[in-house]
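I am opening a notebook on a structure I have not looked at before. I will write down each thing I look up, in order.

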Amino acid sequence: MRLIGFILLIILLIFIFGNIHFYLLKRRKVDLPKAPKASKKYRGLVVSISMARKNKETLIMEIDSLYEKIKKEEEPEKLLHNFFKDTIGIGQTFSAIYYHRENLEICWLLYTDRSNEAKEVVKYFITKFVPTVTSIEILIEDASDLKGSQNTVSRIYPKEFEKFGLEEKDVISDITGGTTPMSGAIIIECNIKENRVMQYTKQDEDPELIEITRS
């Protein structure tokens, strides 16, 4: 009888400690890996949102799944890298935001009616992985109109930055996503002054963020 009682006690302790471990694991704060070190510390980021290949609900589930996997992964950098690479359409936007996460405060999201769902997914990614960043939505009414896109972008530089106490040198613009006219509008605006900087993401098997330097 004593042996049976001892065995039952061991089983009970295993059950109790197993549940405690599971509860703590579930509540564990995600310690995200540090982003590759950016050449400068930018507090603001302007990105253009492309249409995503998958629908909003699917992408949100994939973000949630990634978030849960990272809780249990000792070296999650590869998981993040593969997710950015495989999420066609907006993976490069995730990468751009995550790259600057250590210093980023404000992110301006340029989107169109057609990329509205993708914009919502990007906002969700921010709340999960970079929750200290404030996202500001900027609608581009006609993504095929270079002049119209430029007029919208010109209202961001520098008035939008000043609302948050940022100078132009504190903000970098990513030209990888969006339509060609949207990227062109950013390039034109950034070339007006030397302290306006840009970056893009190499679109290959090993995506890399490149800061554009003037010759």
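**Entry 1: glutamate 189.** Does glutamate 189 count as buried or exposed, and what is its relative accessibility? The model I am reading is a predicted one. I looked up the relative accessibility of glutamate 189 and found 5%, and buried means under 20%, so this residue counts as buried. I then placed glutamate 189 in the chain: helix H8, residues 180-190, holds it. Leaving out residues up to four places away in sequence, I listed what glutamate 189 touches: Gln150, Val153, Ser154, Tyr157 and Arg196.

**Entry 2: the whole chain.** I went back to the overall layout. I find eight helices and six strands in the protein chain. Read from the N terminus, their order is α-β-α-α-α-β-α-β-α-α-β-α-β-β. The chain has 215 residues, and 42% of them count as buried. I also checked contacts between residues at least 6 apart in sequence; 76% of these join residues at least 24 apart.

**Entry 3: helices H2 and H5.** Two packed helices are described by the angle between their axes and the distance between the axes. I looked up both for H2, residues 56-72, and H5, residues 116-129: the axes come within 10 Å and cross at roughly 15 degrees. Angles under 35 degrees count as roughly parallel, so H2 and H5 are roughly parallel to each other. Their crossing is right-handed.

Which residues meet here? From H2 I noted Lys56, Leu59, Ile60, Ile63, Asp64, Leu66, Tyr67 and Ile70. Across from them, H5 brings Glu117, Glu120, Val121, Tyr124, Phe125, Lys128 and Phe129. Sorted by class, this contact of H2 with H5 has 10 nonpolar residues, five charged ones and no polar ones.

**Entry 4: valine 130.** I moved on to the loop between H5 and strand E3 (134-139), where valine 130 lies. Valine 130 has 3% relative accessibility and therefore counts as buried. Not counting residues up to four places away in sequence, valine 130 touches Ile97, Arg101 and Phe125. Phe125 is also among the H5 residues that meet H2. I looked up one C-alpha separation as well: valine 130 and glutamate 105 are 25 residues apart along the chain, and their C-alpha atoms are 9.3 Å apart.

**Entry 5: cysteines.** How many disulfides are there? A disulfide is a covalent bond between the sulfur atoms of two cysteines. I counted zero disulfides. Cysteine 107 has 0% relative accessibility and so counts as buried. Cysteine 190, at 0% relative accessibility, counts as buried too.

Conventions
Residues numbered from 1 in each chain as written. Predicted model: local features only at pLDDT ≥ 70, side-chain atom pairs only at ≥ 80, totals over all residues. Heavy atoms only, no water. Axes fitted to C-alpha atoms, helices over the stretch in contact; angles between N-to-C directions. Helix = DSSP H or I, 4+ residues; strand = E, 2+ residues; numbered from the N terminus. Parallel < 35°, antiparallel > 145°, perpendicular 65-115°, else oblique. Left-handed = near helix turned anticlockwise from the far one by under 90°. Contact = heavy atoms within 4.5 Å. Nonpolar A, V, L, I, M, F, W, Y, C, P; charged D, E, K, R; others polar. Disulfide = S-S within 2.5 Å. Buried < 20%, exposed > 50% of the residue type's maximum accessible area, 1.4 Å probe, protein only.
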